[in-house]
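Q: Can we go through this model together? I'd like to start with the packing and then move on to other parts.

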Amino acid sequence: MTATTTQIKHEVKDLSLAPLGKQRIEWAGREMPVLGLIRDRFAKEKPFAGIRLSACCHVTTETAHLAIALKAGGADAVLIASNPLSTQDDVAASLVVDYGIPVFAIKGEDSATYNRHVEIALDHKPNIIIDDGSDVTVHLVQHRQNQLSDIIGTTEETTTGIVRLAAMFKDGALSFPAMNVNDAETKHFFDNRYGTGQSTLDGIIRATNILLAGKTIVVAGYGWCGKGTALRARGMGANVIVTEINAVRALEATMDGFRVMPMEQAASEGDIFITVTGNKHVIRGEHFAQMKDGAIVCNSGHFDIEIDLKALGAEASEVRTVRPFTQQYHLNSGKSVIVLGEGRLINLAAAEGHPSAVMDMSFANQAMACEYLVKNKGKLQPGLHSIPTEVDQEIARLKLEAMGINMDTLTSAQVEYMNSWTSGT
């Protein structure tokens, strides 16, 4: 450990893992050209000079590049984990040792440790909070009212977090601007659909090593995450059932060729169940009772409450860990139900999360959202704010450029036509 490292506050598993972490961070960077361009600009312009920033994110190779970009821009940043099972310990170590970024994250940390890390994030007295689920923001509002005057704003990129922020604003509790990164087109069209779809199945396969072809997979929720998961499961040869509470989405899933039914009916048909709703107790005790012996249940929503594990545990005579991130609940009925990743995000608990190419756009949005908050300090009203369209378009343009893809541009006649109301057909 170098003298410099000892001066950086941190709580990671093992600093000796740093060399492997640095190697993996560099590998991820090959697929993240947009954030790389933003980092280079930040390094020159220093938009975050004098800004204290606390980030609560999944500590992965991709998140590392966001943290590095923010520091390059002059931010005094602290990073904590947003999920106890999503931290990549070698990455956390490398961020401390190689990049001088204070990190408080350990894979498998208990709830008490996680809550202590939330306190540490707020002890940093942040001007900007980057949140994944809004835990830090909620704790700030509930317990650190004296720090509200320090806050310029927050950014949020999960559906769960946006729902919480909207509820806070409705109740009059959100007194500062929050950037809705989740709804940026270059975020949810790609991160939620392509990223969640691929990484969820990756996590299931790594945890179980089962063949998906021929299995009946029940996907709870048909938002962008559910769509991506259902499409990729079908692509792997699975028979897919969708459950929904939204009539439009249920109709869309039907028109996309999936069977749609209530969970009460799907429970007896499914071999594998995946929740991606962001809601509570989507799979409950009455559903477990109907499942086949050996049914596999996992979650790719944000929190671990989508599956009612308390109800499942109450019906279990024994719980055994049969593989890493794979627990078998032996029920009093004689059947068993298998839970992956303790009901937490399976794509990050058992796998590595979204591919770097996808997170390149999501974190480009995060970085630009932070810059937007700083540039518009004192000008934005409290509440949720969308990513400006021009920022969304610029991120897409940069991504296309990096992929070597060109597109059409409007002619002057087309521009004139599109801006005129007098020209008819």
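**Packing, sheet and pocket**

A: Leaving out residues up to four places away in sequence, Leu95 touches Ala64, Ile68, Leu79, Gly100, Ile101 and Val103. Bear in mind that this is a predicted model.

Q: Which residues touch the most other members of the largest nonpolar core?

A: Leu53, Leu70, Leu95, Val103 and Ile130 do, in a core of 54 residues.

Q: And which helix gives the most to this core?

A: Helix H16, residues 356–375, with nine residues. Another core, of 24 residues, lies apart from it, and Val219, Ile274, Ile338 and Leu340 are among its members.

Q: OK, the sheet. What is the order of the strands?

A: The order is E3-E2-E1-E4-E5-E6-E15, seven strands in an open sheet with parallel pairing. At the edges are strand E3 (103–104) and strand E15 (383–386), each pairing on one side only.

Q: How many bridges join E1 to E4?

A: Three, between residues 52–57 of E1 and residues 128–131 of E4. Ala55 has Ile130 as its bridge partner in E4.

Q: Switching to the second largest pocket: how much space lies in it?

A: About 260 Å³. Its lining has 17 residues, and those nearest the centre are Glu62, Glu352, His354, Pro355 and Ser356.

Q: Which elements give two or more residues to that lining?

A: Helix H2 (18–29), helix H4 (61–72) and helix H9 (185–208). H9 gives the most, with four residues.

Q: How do the lining residues divide into nonpolar, polar and charged?

A: Three are nonpolar, seven polar and seven charged.

Key:
Residues are numbered from 1 along each chain as its sequence is written. This is a predicted model: local features need pLDDT of at least 70, side-chain atom pairs count only at pLDDT 80 or more; totals for chains, interfaces and linings use all residues. Side-chain values use heavy atoms; hydrogens and water are left out. A nonpolar core is a set of buried Ala, Val, Leu, Ile, Met, Phe, Trp, Tyr and Cys residues joined through side-chain atoms within 4.5 Å. Buried means under 20% relative accessible area, exposed over 50%, partly exposed in between (1.4 Å probe, protein chains only). Contact means heavy atoms within 4.5 Å. On a 1 Å grid over the protein atoms alone, a cavity is a set of points where a 1.4 Å probe fits but cannot get out, and a pocket is an open set with protein on both sides within 12 Å along at least five of seven lines; lining residues have an atom within 4 Å of a point. Grid points are joined across faces, edges and corners, and a volume is the space filled by probe spheres set on the points. Ala, Val, Leu, Ile, Met, Phe, Trp, Tyr, Cys and Pro count as nonpolar, Asp, Glu, Lys and Arg as charged, and the others, Gly among them, as polar. Two strands pair if DSSP finds at least two bridges between them.
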